[in-house]
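I am opening a notebook on a structure that is new to me. The entries below follow the order in which I looked things up.

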Amino acid sequence: MKFEAVLPILGFENIKEYEFEKIDDVFFKLKSGDISFTLINPFVIREYDAIINDSDKEKLQLNEKTNFLILNNMIVATPLQNSTINFASPLIFNIDTNKMGQVILENAGDYSLTDPLANYIKGK
């Protein structure tokens, strides 16, 4: 599935379209040419309250009836528990319009840009 980047991913402002792939209920892949991002569903691993500002909602065409996904960029490391997750600026995908973008949450101060995955692995 292709998505138009109406709010660019920070550092990748020149990329306007991405290919989106669901791996399973937890992990997703976002690609454009040689650029690839591993994304994670935050709701599977933790409580997460993403407050998106009105300007970003407007650009992404989000409202109370919109089908959308909130996913977080993950820097994958070996071993996997050393991977980090950016919870402060998730990627939002409007499934209805195929528009996506990275937002900085209004409550970004409640989250880390580099939260270790190990913090959310049960029985560690």
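**Terms first.** I call a residue buried under 20% relative accessible area, exposed over 50%, and partly exposed in between, with a 1.4 Å probe and protein chains only. N98 is partly exposed on that scale, with a relative accessible area of 26%.

**Ground rules.** The model is predicted, so I ask for pLDDT of at least 70 for local features and 80 or more for side-chain atom pairs, while totals for chains, interfaces and linings use all residues. I number residues from 1 along each chain as its sequence is written, and side-chain values use heavy atoms, with hydrogens and water left out.

**Overall layout.** I looked up the secondary structure and found two helices and nine strands. Helices (H or I, at least four residues) and strands (E, at least two) are DSSP runs, numbered from the N terminus. I read the order along the sequence as β-β-β-β-α-α-β-β-β-β-β.

**Overall size.** The C-alpha trace spans about 40 × 30 × 25 Å along its principal axes. What radius of gyration does the chain have? It has 14 Å, which agrees with the value near 14 Å for a compact globule of 124 residues. That radius is taken over C-alpha atoms, and the globule rule is 2.2 Å times the number of residues to the power 0.38.

I find 42% of the 124 residues counted as buried. The chain exposes about 7000 Å², and carbon and sulfur atoms supply 50% of it. These areas come from the Shrake-Rupley method with a 1.4 Å probe; for residues, only the protein chains shown count as cover. I also looked at contacts, meaning heavy atoms within 4.5 Å. Among contacts with a separation of 6 or more, 57% come from residues 24 or more positions apart.

**Aromatic pairs.** My search of the whole structure gives 10 aromatic pairs. Rings of Phe, Tyr and Trp (its six-membered ring) pair if their centres lie within 6.5 Å; planes under 30 degrees apart count as stacked, over 60 as edge-to-face and the rest as tilted. F20 and F93 have ring centres 4.7 Å apart and planes at 45 degrees, so I log the pair as tilted. F20 sits in strand β2 (residues 17-22) and F93 in strand β7 (residues 91-94), 73 residues apart. Both F20 and F93 are buried.

**A second pair.** Y48 and F87 have ring centres 5.6 Å apart and planes at 55 degrees, so this pair is tilted too. Y48 is in the loop between α1 (42-45) and α2 (54-59), and F87 is in the loop between β6 (84-85) and β7, so the pair ties together parts that are 39 residues apart in sequence. Y48 and F87 are both buried. I then traced ring pairs through a cluster of F43, Y48, F87, Y111 and Y120. R46 lies over the face of F87, 4.6 Å from the ring centre. I count a charge over a ring if NZ of Lys or CZ of Arg is within 6 Å of the ring centre and within 35 degrees of the ring normal.

**L39.** Buried or exposed? L39 is buried, at 0% relative accessible area. I place L39 in strand β4 (residues 35-40). Leaving aside neighbours within four places in sequence, its contacts include F20, L71 and F93.

**The β8 to β9 loop.** N107 lies in the loop between β8 (99-102) and β9 (115-116). N107 is buried, at 10% relative accessible area. Beyond residues up to four places away in sequence, N107 touches D49, A50 and I51. A polar atom of the N107 side chain is 3.2 Å from the backbone nitrogen of I51. D110 is in the loop between β8 and β9 as well. D110 counts as exposed, at 59% relative accessibility.

Most residues other than glycine have a negative phi, and most peptide bonds are trans. Q61 has a positive phi of about 55 degrees. Q61 is in the loop between α2 and β5 and is partly exposed at 41%. N98 has a positive phi of about 60 degrees and lies in the loop between β7 and β8. A cis peptide bond joins T78 and P79, with omega about -5 degrees. I find P79 in the loop between β5 (68-75) and β6.

Methods
Polar contact = N/O pair within 3.5 Å; in protein donor to acceptor, adjacent residues only side chain to side chain.
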